Amino acid sequence: MSGAQRLIRSYVRRERPFKESQKADWERLWPRYGVPRAAWGSVVAAAPVILDIGFGDGEALMGIAAADSAHTYMGVEMYRSGLLKVMRGAEHAHLPNVRVVEADANEVLAALPADSLAGAHVFFPDPWPKARHHKRRLVTAAFIAALVRVLRPGGIIHMATDWENYAAEAAQLFRTFAVLEPLAPERNGRPETRFERRGWRLGHSSYDLRYRRLP
Ligand SMILES: C[S@@+](CC[C@H](N)C(=O)[O-])C[C@H]1O[C@@H](n2cnc3c(N)ncnc32)[C@H](O)[C@@H]1O
């Protein structure tokens with residue numbers, strides 16, 4: 001990746017500073033649910049981990065984690081309100097299999113050991129609908145290559161978007177990876193989220209793309 005490409009970000013940070021109650025909850029909950037950089041590798045070594053990339057408010061992350069205690073769901077976000085929401089939600093719903101990482105997903109994928117993940121979810125990545133902004137989209141060939149490297153054989157990638165041209169563009173990219181076997185394009189129990197419902201209000205459909213990493 002060139003220096004110029006590295007500067008392109010898939011997210012924009014605009015957040016209000018935390019109120020005192022949010023700061024207190026963050027301090028209390030981070031030691032239990034937060035995964036600092038130095039511990040990323042040990043979490044994926046300790047249990048089968050599914051990474052939820054850009055989980056937003058965490059509705060899907062918490063719904064899936066509650067229904068599947070056999071996996072640890074490690075959510076990656078840059079958005080601190082979302083990170084806090086998930087930590088509060090995991091405490092409230094007693095979800096011991098939820099962990100959160102505050103980082104750019106590209107950085108996490110680059111740092112994880114090869115063949116270390118049981119799966120990855122990329123649900124409703126920011127669509128960047130204007131053509132001149134498509135270069136900011138998270139799902140690129142380099143992103144898929146980074147995902148493939150960290151997935152175990154048999155590991156599953158599940159992407160969902162309500163932007164037809166993003167789904168088509170991503171499907172075309174996924175097809176170029178011979179090591180990824182396409183699976184039925186089903187939601188497979190994926191819970192609805194605020195972003196998905198917003199898409200429906202705009203008249204969009206949801207597109208699920210699923211692939212299994214071959215040995
Ligand atoms: C449209 S929201 C979707 C949230 C959630 N997955 C859902 O389906 O409701 C996209 C999220 O991806 C996050 N995001 C964008 N680029 C990211 C990156 N490089 N690393 C981690 N999170 C990212 C944004 O902060 C945002 O919360």
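1. Asp115 counts as partly exposed because 13 other C-beta atoms lie within 10 Å, where a residue is buried with 20 or more other C-beta atoms within 10 Å of its own, exposed with 12 or fewer, and partly exposed in between, the C-beta atoms being placed from the backbone. Asp115 sits in the loop between α6 and β4, and although this residue is not a glycine, its phi is positive, at about 55°. Helices (H or I, at least four residues) and strands (E, at least two) are DSSP runs, numbered from the N terminus.

2. The model discussed here is predicted, and local features need pLDDT of at least 70, side-chain atom pairs count only at pLDDT 80 or more, while totals for chains, interfaces and linings use all residues. Residue numbers start from 1 along each chain as its sequence is written.

3. Asn188 also has a positive phi, near 50°, in a residue other than glycine. Asn188 belongs to the loop between β6 (180-182) and α9, and with 13 C-beta neighbours inside 10 Å this residue counts as partly exposed.

4. For the protein chain as a whole, the secondary structure amounts to nine helices and seven strands. The radius of gyration is 17 Å, close to the 17 Å that the globule rule gives for 215 residues, so the chain is as compact as a globular protein of that length; the radius is taken over C-alpha atoms, and the rule is 2.2 Å times the number of residues to the power 0.38. The C-alpha trace spans about 45 × 40 × 40 Å along its principal axes, and 37% of the 215 residues count as buried.

5. Of the contacts between residues at least 6 apart in sequence, 80% join residues at least 24 apart, a contact being a pair of residues whose C-beta atoms, placed from the backbone, lie within 7 Å.

6. In helix α4 (residues 59-67), the buried residues include Glu59, Ala60, Leu61, Met62, Ile64 and Ala65. The buried residues of α4 pack against the strands β1 (49-53), β2 (72-77), β3 (98-102) and β4 (117-123), and against the helices α5 (80-92) and α9 (194-201).

7. Helix α7 (residues 141-150) has Phe143, Ile144, Leu147 and Val150 as its buried residues. They cover an arc of only 130° around the axis, which puts them on the same side of α7, the arc being that of the directions from the helix axis to the C-beta atoms. An α-helix has 3.6 residues a turn, so residues three or four places apart point the same way. The buried residues of α7 pack against α6 (105-111), β4, β5 (151-161) and α8 (164-175).

Terms used:
Two residues are in contact if their C-beta atoms, placed from the backbone, lie within 7 Å.
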